[in-house]
Amino acid sequence: DPLIVGGKVYLVSGATTYDGNWVAHSSLARLVVIDPATGVVLRQVTLGTSMDSTCRPVYSDGIIVIPLSNGSLQAVSASTLETLWFAKGATGAQMLSTLTVRDGYVYAASADSLDETYHAASGTLKRFNLLTGAISGVQANASTGYYWAGGAFAGGYFVVADDAGNVSAYAADLSSLASTLSLGAPVRST
């Protein structure tokens, strides 16, 4: 998904090719800054790893946070494209969900593993300090995960739906679960 910051378009891209044995080979992702009037790439930077099939970066306080393959996150300065921090994820995880920023923290929801029907079999919610990347809250889910589903805030709670169809409300610091409601069908939206 593109971002528009300061009148410029910020876009993350990457490529995957497959060899004769259908083994995937992915390039490192890159962040490009595009002039929307001309389409000219003004600046670009190579990122720390590849991206998944989509990428939903978020902008806040001069920082662009980019979800990457294996559940990794990379934060770069919007003005200089300098990497501010990189949080390595777990092998096999996918960070396809929308990131949420609130009160100086980035909330990320991942699908850590998929079952044979491509439903998230496990997942993790993490809360990162926007400026430093330090993890300041985690909720692991061993029975389902967050596949394309991001969270939002309601009544001071971080609310997120999972691939098993549960909508859960957590304390803002992810320290505790306040409530859960089963919808009976997977949720893949924010």
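Residues are numbered from 1 along each chain as its sequence is written, and side-chain values use heavy atoms, with hydrogens and water left out. Because the model is predicted, local features require a pLDDT of at least 70 and side-chain atom pairs count only at pLDDT 80 or more, whereas totals for chains, interfaces and linings use all residues.

Secondary structure elements are DSSP runs numbered from the N terminus, where a helix (H or I) has at least four residues and a strand (E) at least two. Two strands are taken to pair if DSSP finds at least two bridges between them. Strand β15 (residues 151-154) and strand β16 (residues 157-161) run antiparallel and are joined by 4 bridges. Within this pairing, Phe153 stands opposite Phe158 in β16. The hairpin of β15 and β16 has 2 residues between the strands, and Gly155 takes a positive phi near 60 degrees there. Strand β16 is also joined to strand β17 (residues 166-171) by 5 bridges, and these two strands run antiparallel. Here Val160 stands opposite Ser168 in β17. In the hairpin of β16 and β17, 4 residues lie between the strands, and Gly165 takes a positive phi near 90 degrees.

The nonpolar cores were examined next. A nonpolar core is a set of buried Ala, Val, Leu, Ile, Met, Phe, Trp, Tyr and Cys residues joined through side-chain atoms within 4.5 Å. A residue is buried under 20% relative accessible area, exposed over 50%, and partly exposed in between (1.4 Å probe, protein chains only). The largest nonpolar core has 17 residues, and those with the most contacts inside it are Tyr10, Val12, Leu31, Leu47, Ile64 and Ile66. At least two residues of this core are supplied by each of β1 (3-5), β2 (8-13), β5 (30-34) and β8 (63-68). Strand β8 provides the largest share of the core, 3 residues. Apart from this core lies another, of 13 residues, which includes Ile63, Ala75, Trp85 and Val106. Contacts (heavy atoms within 4.5 Å) were also listed for individual residues. Leaving aside residues up to four places away in sequence, Val12 touches Ala29, Arg30, Leu31, Leu47, Met51, Cys55, Pro57 and Ile66.

A search of the whole structure finds 3 salt bridges, each being a side-chain nitrogen of Lys or Arg within 4 Å of a carboxyl oxygen of Asp or Glu. In one of them, Arg56 pairs with Asp1, the closest N and O atoms being 3.6 Å apart. This pair links distant parts of the chain, 55 residues apart: Arg56 lies in the loop between β6 (41-46) and β7 (58-60), and Asp1 in the segment before β1. Arg56 is buried, with a relative accessible area of 18%, whereas Asp1 is partly exposed at 46%. Arg102 forms a salt bridge with Asp103, with the closest N and O atoms 3.5 Å apart. Arg102 is partly exposed at 33% relative accessibility, and Asp103 is exposed at 66%. A salt bridge also joins the side chains of Asp163 and Arg188 (2.9 Å, N to O). Asp163 is buried at 4% relative accessibility, while Arg188 is partly exposed at 38%.

Backbone angles were considered as well. Most residues other than glycine have a negative phi. Asp61, although not a glycine, has a positive phi of about 50 degrees. Asp61 lies in the loop between β7 and β8 and is exposed, with a relative accessible area of 61%. Tyr118, also not a glycine, has a positive phi of about 65 degrees. Tyr118 is placed in the loop between β12 (105-114) and β13 (120-129) and is exposed at 57% relative accessible area.

Arg43 lies in strand β6 and is partly exposed at 30% relative accessibility. The C-alpha atoms of Arg43 and Val33 are separated by 5.2 Å, the two residues being 10 residues apart along the chain. Apart from residues up to four places away in sequence, Arg43 touches Tyr10, Leu31, Val32, Val33, Ala78, Ser79, Thr80 and Leu81. The side chain of Arg43 reaches the backbone oxygen of Ala78 at 3.5 Å and that of Ser79 at 2.6 Å.

Conventions
Polar contact = N/O pair within 3.5 Å; in protein donor to acceptor, adjacent residues only side chain to side chain.
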